[in-house]
Amino acid sequence: MEFLSLSAATSSDIIVIVFLVLLTVACIAALLCFLCKYAESDKPVVHKKTALLVILAIGFVIRLAFALSVRGYREDYNVILSMFDDLDKYGVGKYYTGNFVHCLYPITYVVYLLFGGLSNVTGLTDFSSLSAQFMVKLPLIISDVLAAFAVYKIARKHFNERVAYVLCAFVAVCPIFFIGSVVWTTPITFTSMFACFALYFLVKKNYAAMLAFATASAFSSKEGIFLFPVFAVFSIFHLVRAIRFIAAAQKSANASPDYKALIKGECNAIITVPIGFIGSLVVAYLLGLTMFAGYSYNPFTFIYEFLLAPLLTFDFFTYNGLSIYTVFNLNGSVPNTRFPAILFAVLFTLIIAAIVSVVYFTKRNRGTMVMLAAYSMFTLCVYYPGASPVTLTASLILIAVAYALVKDKRLLSILFVSGLAYVINASSVLACAGFLNNAENFSISTTTFFMDGNLAAVPIACSVVTVLAHLYFTLTTVSIGTTGNKKMLRARDGFGASIKEFFARKVD
């Protein structure tokens, strides 16, 4: 830990970093043991609701403890505080003035409108106090807990019941899943939660609900838009298939088919997909009106500002993020005017759409589509120029969801390796900036926002690990998507046997 002595990090900061890393390792070890123990279990869980509530309550308490101990990354934290201040001075309708970088996205804004009003009612308006810090972090904590619940719902439907509780507990307790929300304070937490529920409704074939949550994810933070191509390709494919099926049924019967019966079955996409697309955009736009009524009511301007402009706007190649640019020592570098931002955005979208289409059209199941959603987000983190230390947040929990559906242990390898790199990098950035505390901004005398010099070893090493994990993720995605072969955990008892099973190479 010598490298940290060169920054604003104190001995207590180093203790926090080591604690978070050790807790992550412990959670990973416990997860492997319990996954192997219950891999083939068909025994029901006693007191199911109580067990679930206890798990979620533990996750809530752990997050609350960190939320009140660490204020978080001040720049992101202060974006929320400035929204409260704007609400207090100007009320609703004059918040957004054309700069999406320094404001909350529409869905996140609406969430904090509710909690801003609640803080005024309760008198918790002193933004320098722990009570106001609680109000800032509470929506993020609730979002995290809901995401853990979504993982439980998905795993319970497609895995056995005990494994569902194990995965839920892992998401509730492991630092991989709570650093972004209560240690860093990032709205990407909302993106993750909405994405989890969108994937839940995807596997249930409820396309309208899926698109609604996907849209909410896209309008929660700029990272959310990169998930939308997955849901769009999936929805349009099923819409076209439903139209063709109904047309074929009508032609073969030489009469009008029973449309009610068709719509209730696989062909429900013919109604739910258009409703999902149109309804989601209308609701998102109406919510956005409360945010920028004083700026513009034009829906096309609204969509451009929050969905398209971020794809073309890069302040840095990376900002201490886990990306390919950090590996090549471009951390903190500003893209020059010749950088082809539009070309990058188009190519990125085409690549993701191509991968999704090719794998899906091999007629793999919806679990594969969830894996592709996680892969899309992971690709964003690694190759998107504007990545930050917490951009990886959403993709990590989506990998956990993908494992609950695909059940391939290679996904766990990707989650463990990239998750550890994420914990080390994000906590080190906070420590070097002097932000692993509750100090006021003016009390922080020494800060190192960019981890340069000897400190650059931290993000570079973590980025190398993340890029290698992405390459492995690519091979895994192609392997599962095109062959259907999987490497699954088998029932084992004990830590040693579980580790041995995890590294076994047998393919099912």
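Trainee: Leaving aside its neighbours within four places in sequence, with which residues is F228 in contact?

Mentor: This is a predicted model, and in it F228 is in contact with A214, T215 and F277, once neighbours within four places in sequence are set aside. F228 belongs to helix α10, residues 228-253.

Trainee: Is F228 buried or exposed?

Mentor: The criterion for a buried residue is a relative accessible area under 20%. F228 has 18%, and therefore counts as buried.

Trainee: How many of the twelve residues of α9 are buried?

Mentor: Nine of the twelve are buried, so α9 is largely enclosed by the rest of the structure. Among them are L211, A214 and T215, together with Y207 and M210.

Trainee: What should the twelve residues of helix α9 span, and how far apart are its end C-alpha atoms?

Mentor: The expected span is 1.5 Å times one less than the number of residues. For α9, residues 207-218, that rule gives 16 Å, and the end C-alpha atoms are 16 Å apart, so the two values agree.

Trainee: By what is a pair of aromatic rings described?

Mentor: Two quantities are used: the distance of the centres and the angle of the planes. In this structure the count comes to 21 aromatic pairs. In one of them, Y73 and W184, the ring centres are 4.4 Å apart and the planes meet at 10°; the pair is therefore stacked, as planes under 30 degrees apart count as such.

Trainee: Where do Y73 and W184 lie?

Mentor: Y73 lies in the loop between α2 (48-69) and α3 (74-90), whereas W184 is in helix α7 (residues 179-184), so the pair ties together parts that are 111 residues apart in sequence. Y73 has 2% relative accessibility and counts as buried; W184, also at 2%, counts as buried.

Trainee: Is the pair of F502 and F503 stacked or edge-to-face?

Mentor: The centres of these rings are 5.1 Å apart and the planes stand at 80°, so the pair is edge-to-face. F502 is buried, at 9% relative accessibility, whereas F503 is exposed, at 61%.

Trainee: Over which ring does the charged end of K407 sit?

Mentor: It sits over the ring of F159, 5.0 Å from the ring centre. K407 is placed in the loop between α17 (393-406) and α18 (409-432), and counts as partly exposed at 23% relative accessibility. The backbone also deserves a look: phi of K407 is near 70°, a positive value in a residue other than glycine.

Trainee: What is the phi of N320?

Mentor: N320 has a positive phi of about 60°, although this residue is not a glycine. N320 is found in the loop between α13 (299-312) and α14 (324-327). Its relative accessible area is 0%, so N320 is buried.

Trainee: How many helices and strands has the chain?

Mentor: The chain has 20 helices and zero strands. Of its 508 residues, 55% count as buried. Among contacts with a separation of 6 or more, 77% come from residues 24 or more positions apart. The chain exposes about 20900 Å², of which carbon and sulfur atoms supply 67%.

Notes
Residues numbered from 1 in each chain as written. Predicted model: local features only at pLDDT ≥ 70, side-chain atom pairs only at ≥ 80, totals over all residues. Heavy atoms only, no water. Helix = DSSP H or I, 4+ residues; strand = E, 2+ residues; numbered from the N terminus. Buried < 20%, exposed > 50% of the residue type's maximum accessible area, 1.4 Å probe, protein only. Phe/Tyr/Trp six-rings, centres within 6.5 Å; stacked < 30°, edge-to-face > 60°. Lys NZ or Arg CZ within 6 Å of the ring centre and 35° of its normal. Contact = heavy atoms within 4.5 Å. Areas by Shrake-Rupley, 256 points an atom, 1.4 Å probe, with all protein chains shown as cover.
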